[in-house]
Amino acid sequence: MSTEGGSTAWFHCFAGTAGDMTMASLVHAGADPVAVAAILAGLPVHDYALSFEPAMRCGLSATKAVVAVFDEHGHPHHEAPATDAGHDGHDHPHDGDHDGDHDHGHDGEHDHHHAGHDHGHDHDHDGGHDGGHGHGAHRPYRVVREIIEQADLPARVAARAQRTFRMLAEVEGAMHGVPADEVELHEVGSLDAIIDVVGTCAALEVLGVDRIVCSPITVGQGTVRAAHGDIPNPSPAVVELLARAGAPSRGIADRKELATPTGVALMVALADEFGPMPAMHVHRVGYGAGTADIAGRPNVVQVVIGLETPPSLTPQPGQPAQLLEVNVDDATGEVIAHTITALLAAGAHDAWASPIVMKKGRPAHTVHALCDPARANEIGAVLLRETGSLGMRGSTVQRWPQRREEAVVHVHGHPIRVKLAPGRAKPEHDDAVAAAAALGLPLREVLAHAAQLAGGLEPG
């Protein structure tokens, strides 16, 4: 079923995320809607129509997904959504974005796929789908799980869909104090939400996406109206989903519900990683539209699909540096230690000594200094003066310093500077010695405590 294999999809949720926007972004990126519909036909559900329509959001061309659910007479079903706190049933621009503010007297420019009813007569979708999904009754999680289990779906499509709904059920169960199997999935259990989730997984399969990366997810602020009154925005379900996955998010001054539980669940359940767009050869890009056309910000989910660039075995050119060295066989350990201190104080990047054996078996040391080429004369003078060597050699090298920052932690009230680098925290030795002496503690305990305190810090 896949058209290309080994691809990575990066979802840029700069304006939020929703289930239908995610599915639409993949179709806009090139997932064949006929192939997506063919996979969805394996679900044991009927009486819905899925369409993909061109849309413009803040001047950006995008695709909008619309799911229409029909009653037994073949008419659009616009039952008011039975929502609970944290569900998608309130007025917002995203999930439940099947707002119907389009004319279905089609002129051939839209892709429509219908299931389980006679669509030989006209259905006016206008005005019925704003706010929450509101399409059909909600379902317990166990029923949604059984629908997917009974479906004739590709294995990975079924697994991804099950993972998404299971995460939603576990979050809702934890919030309401009931087992996951007993959770009533209101909006996210409705038929159009099932189509959003399984359709997204189907589109990923059509595009051959093996790996998913997601940006930080943008959320709104304030409160939104739900069935039981006002609830915080972002909703409790969204916050819990983000917390469980340790997913990054960012809030903006917008009172709309920018990120819905369905959209966030897809990201936290399926993403292998959160962060910026990975290095890749880009093959496709797509934009999935939400309902509202927000001034100043395209209301879309962006997806970028391509093949990741493997890390190069040959490093990129580094910073030029001068390496200066002397061999000494008549300097004491104290003199060598003082020389290293003097070199660092003079501005050397680094300084160190290596034991060597010189002619006639004499034990000796090489004293090294690494410095900026512009300071080679100055650092070289210190090296010769402090060691008393009669000569010095040098070579030009490259260095690749890693990003690092300095922070301060307090061990029982004593400040200790800590160097921070990705995945590492190194306390300053002199600060730790002073703290250990003042506290009457072993140095190793103070170092360990400072490193533990710094473990939760990250270089910014």
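Helix axes here are lines fitted to C-alpha atoms over the stretch in contact, and angles run from 0 to 180 degrees between N-to-C directions. The model is predicted.

**Helix 8 and helix 9**

- Helix 8 spans residues 333-345, and helix 9 spans residues 376-387. Their axes come within 10 Å and cross at roughly 160°.
- Angles over 145 degrees count as roughly antiparallel, so helix 8 is roughly antiparallel to helix 9.
- The crossing of helix 8 with helix 9 is right-handed.
- On the helix 8 side, the contact is made by Val-335, His-338, Thr-339, Ala-342 and Leu-343. Helix 9 supplies Ile-379, Val-382, Leu-383, Glu-386 and Thr-387.
- By class, these contact residues of helix 8 and helix 9 are six nonpolar, three polar and one charged.

**Helix 1 and helix 5**

- Helix 1 covers residues 19-28. It packs with helix 5 at an angle of about 25°, with the axes 8 Å apart.
- Angles under 35 degrees count as roughly parallel, so helix 1 is roughly parallel to helix 5.
- Helix 1 and helix 5 make a left-handed crossing.
- Gly-19, Asp-20, Thr-22, Met-23 and Leu-26 form the helix 1 side of the contact. Ile-195, Asp-196, Gly-199, Thr-200, Ala-203 and Leu-204 form the helix 5 side.
- The contact of helix 1 with helix 5 has five nonpolar, four polar and two charged residues.

**Ala-203, a residue of helix 5**

- Ala-203 sits in helix 5. Its relative accessible area is 0%, so Ala-203 is buried.
- Leaving aside neighbours within four places in sequence, Ala-203 is in contact with Leu-26, Ala-31 and Val-36.
- Ala-203 and Val-27 are 176 residues apart in sequence. In space, their C-alpha atoms are 6.9 Å apart.

**Nonpolar cores**

- In soluble globular proteins, nonpolar side chains tend to be buried together.
- The largest nonpolar core has 69 residues. Within this core, Phe-11, Leu-43 and Leu-153 touch the most other members.
- Helix 5, residues 191-206, gives the most to this core, with 10 residues.
- Leu-153 touches Ile-39, Leu-43, Ile-148, Ala-158 and Val-198, not counting residues up to four places away in sequence.
- A second, separate core has 17 residues. Among them are Leu-324, Ile-340, Ala-346 and Ala-369.

**Backbone exceptions**

- Most residues other than glycine have a negative phi, and most peptide bonds are trans.
- Asn-233 and Pro-234 are joined by a cis peptide bond, with omega about 10°. Pro-234 lies in the loop between strand 10 (229-232) and helix 6 (236-245).
- Asp-47 is not a glycine, yet it has a positive phi of about 60°. The loop that holds Asp-47 runs between helix 2 (33-40) and strand 2 (48-57).
- Asp-47 has a relative accessible area of 25%, so it counts as partly exposed.
- His-412 also is not a glycine, and its phi is positive, near 50°. His-412 lies in the loop between strand 19 (405-411) and strand 20 (414-421).
- At 53% relative accessibility, His-412 counts as exposed.

Key: Residues numbered from 1 in each chain as written. Predicted model: local features only at pLDDT ≥ 70, side-chain atom pairs only at ≥ 80, totals over all residues. Heavy atoms only, no water. Helix = DSSP H or I, 4+ residues; strand = E, 2+ residues; numbered from the N terminus. Parallel < 35°, antiparallel > 145°, perpendicular 65-115°, else oblique. Left-handed = near helix turned anticlockwise from the far one by under 90°. Contact = heavy atoms within 4.5 Å. Nonpolar A, V, L, I, M, F, W, Y, C, P; charged D, E, K, R; others polar. Core = buried A, V, L, I, M, F, W, Y, C linked by side-chain atoms within 4.5 Å. Buried < 20%, exposed > 50% of the residue type's maximum accessible area, 1.4 Å probe, protein only.
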